[in-house]
Amino acid sequence: MRMLHHMGTMWGMTSPLPSSSAASVLDLAPVVPVVVVSDAADAVPLARALVAGGLPAIEVTLRTPAALDAIRAIAAEVPRALVGAGTVITPEQVAAGTAAGAGFLVSPGWTEALLVAMRGAGVPFLPGVSTTSEVVALLERGVREMKFFPAQAAGGTAFLKSLAAPLPQARFCPTGGIGPTTAPEYLALPNVGCVGGSWMVPADAVAAGDWTRIEELARGAAALGGRAGVRDAEGTCR
Ligand SMILES: O=C(O)C(=O)C[C@H](O)[C@H](O)COP(=O)(O)O
């Protein structure tokens, strides 16, 4: 499985497109918080709370005008965090996100143009899929690690279990509608490297600046990966 995993990170081996040799998004952490930042001033205390709770890989969605400033601030001021850009749906957002300091890129879907831009960015990336044909299309393009979105609505753990037999080389970060109860069920699957979710960053806690509550929720989320036992002694996802 280790070998399969390492092969899985060699994006572009069979593709004529430029490839990234960077490490995998799926190996950053078992749980990746997906955050929406409305006020860039919240970014640093929010990131510090998530890191303190044990969640160092943070996806800041490019859904708000403050998002790029938030990424810049976290990249500059929270060295223990690895901040990424989420909701990346255009090549322009790939460029803007990486220029702001994003260390990884996540998209809810994918297009050929987006894939070219993500491959050229030089950081780990996860294009999003929700159908078997999209998984096959990305495998055909040498991409073996994907976001499965919207995970719960598109078939949940049953869908991923069904894919494991015919397409074992594909590995996923399911995201969308996942919470602390369902996350361990995903993390126990052999083709899941990590899960994404927003449950540890409730909008009301961010609005209130309740960083203590977010740190506690992050600590609970970080413990889920350990309970599911999906990491080996070196911290690598199986
Ligand atoms: O922003 C994106 O690019 C998305 O794909 C959507 C997010 O992954 C979900 O918003 C996750 O949030 P929850 O479903 O609340 O856990």
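Q: What makes A52 buried, exposed or partly exposed?
A: This is a predicted model, in which local features need pLDDT of at least 70 and side-chain atom pairs count only at pLDDT 80 or more, while totals for chains, interfaces and linings use all residues. Residues are numbered from 1 along each chain as its sequence is written, and side-chain values use heavy atoms, with hydrogens and water left out. Buried means under 20% relative accessible area, exposed means over 50%, and partly exposed lies in between (1.4 Å probe, protein chains only). A52 has 37% relative accessibility, so A52 counts as partly exposed.

Q: Why is N191 called buried?
A: The relative accessible area of N191 is 3%. That is under 20%, so N191 is buried.

Q: Where are A52 and N191 placed?
A: Helices (H or I, at least four residues) and strands (E, at least two) are DSSP runs, numbered from the N terminus. A52 is found in helix α2, residues 43–52. N191 is in the loop between α8 (183–187) and β9 (195–197). The chain has 10 helices and 9 strands.

Q: Which residues does N191 touch, and what counts as a contact?
A: Contact means heavy atoms within 4.5 Å. Leaving out residues up to four places away in sequence, N191 touches L160, L163, A164, A170, R171 and F172. With the same exclusion, A52 touches E215 and R219.

Q: How do you know that N191 makes a polar contact with L160?
A: A polar contact is a pair of N or O atoms within 3.5 Å. Within protein, one atom must be able to donate a hydrogen and the other to accept it, and residues adjacent in sequence count only if both atoms are side-chain atoms. The side chain of N191 reaches the backbone oxygen of L160 at 2.9 Å.

Q: Which residues surround the ligand?
A: A residue is near a molecule if one of its heavy atoms lies within 4 Å of it. The residues around the ligand are T61, R63, T87, P108, K147, F149, T175, G176, G177, G197 and S198.

Q: What distances separate polar atoms of R63, G177 and S198 from the ligand?
A: A polar side-chain atom of R63 lies 2.7 Å from a ligand oxygen atom. For a polar backbone atom of G177, the distance to a ligand oxygen atom is 2.8 Å. A polar side-chain atom of S198 lies 2.5 Å from an oxygen atom of the ligand. Taken alone, the ligand exposes 400 Å², and the protein buries 82% of that. Such areas come from the Shrake-Rupley method with a 1.4 Å probe; for residues, only the protein chains shown count as cover.

Q: Which residues of helix α6 are buried, and what covers them?
A: In α6 (residues 132–140), V135, A137, L138 and L139 are buried. Their cover includes α5 (112–120), β6 (128–129), β7 (145–148), α7 (156–164) and β8 (171–174). Just after α6, G142 takes a positive phi of about 85 degrees.

Q: What is the form of the peptide bond from F149 to P150?
A: The bond is cis, with omega near -5 degrees. P150 is in the loop between β7 and α7.

Q: How much of the chain is buried?
A: Buried residues make up 52% of the 238 residues in the chain.
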